[in-house]
Amino acid sequence: MGDMAAARRDRGQALPLVLIIVAITVLTLVGAGFAAQRVMDRNRAQTAADAAALAGVLEGRTGASRMAAANGATLVSFARTGEVVTVTVDRHGVLATARATNGP
């Protein structure tokens, strides 16, 4: 009978440990999800900036603004220096800058 009581006591001690491990696993997965979302937001902002810069070379500020909006971003700045266009866009709080040129 002493073995059964010891087995019940051991099982009761293991439960908090299992709950701690489950909690740590869940927190790790949530943290990884947030990190992955941040990387995706950054990539999408950079894609919007790249597209806006290319459109800006051909169509100026209007084209850059339109292309940024088409990619879910807002044109923050537009500069043309000779053949080089530099834009900055904001996509959900993430800023990205890109340059494009119509030459070699």
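1. β2 and β3 pair in the antiparallel sense, over eight bridges. Strands count as paired if DSSP finds at least two bridges between them. Helices (H or I, at least four residues) and strands (E, at least two) are DSSP runs, numbered from the N terminus. D90 has L95 in β3 as its bridge partner. Two residues separate β2 and β3 in a hairpin, and H92 in that turn has a positive phi of about 55°.

2. This is a predicted model: local features need pLDDT of at least 70, side-chain atom pairs count only at pLDDT 80 or more, and totals for chains, interfaces and linings use all residues. Residues are numbered from 1 along each chain as its sequence is written, and side-chain values use heavy atoms, leaving out hydrogens and water.

3. β1 and β2 run antiparallel too, joined by seven bridges. F78 stands opposite V87 in β2. This hairpin also has two residues between its strands; G82 in the turn has a positive phi of about 65°.

4. T88 belongs to β2 (residues 84–91). T88 is buried because its relative accessibility is 14%; buried means under 20% relative accessible area, exposed over 50%, partly exposed in between (1.4 Å probe, protein chains only). Beyond four places in sequence, T88 touches residues including T74, V76, L95 and T97. Contact means heavy atoms within 4.5 Å.

5. The largest nonpolar core has 18 residues, with A52, A64, L75, F78, V87 and V89 making the most contacts inside it. Such a core is a set of buried Ala, Val, Leu, Ile, Met, Phe, Trp, Tyr and Cys residues joined through side-chain atoms within 4.5 Å. Two or more residues each come from α1 (2–70), β1 (74–81), β2 and β3 (94–101). α1 gives the largest share, eight residues.
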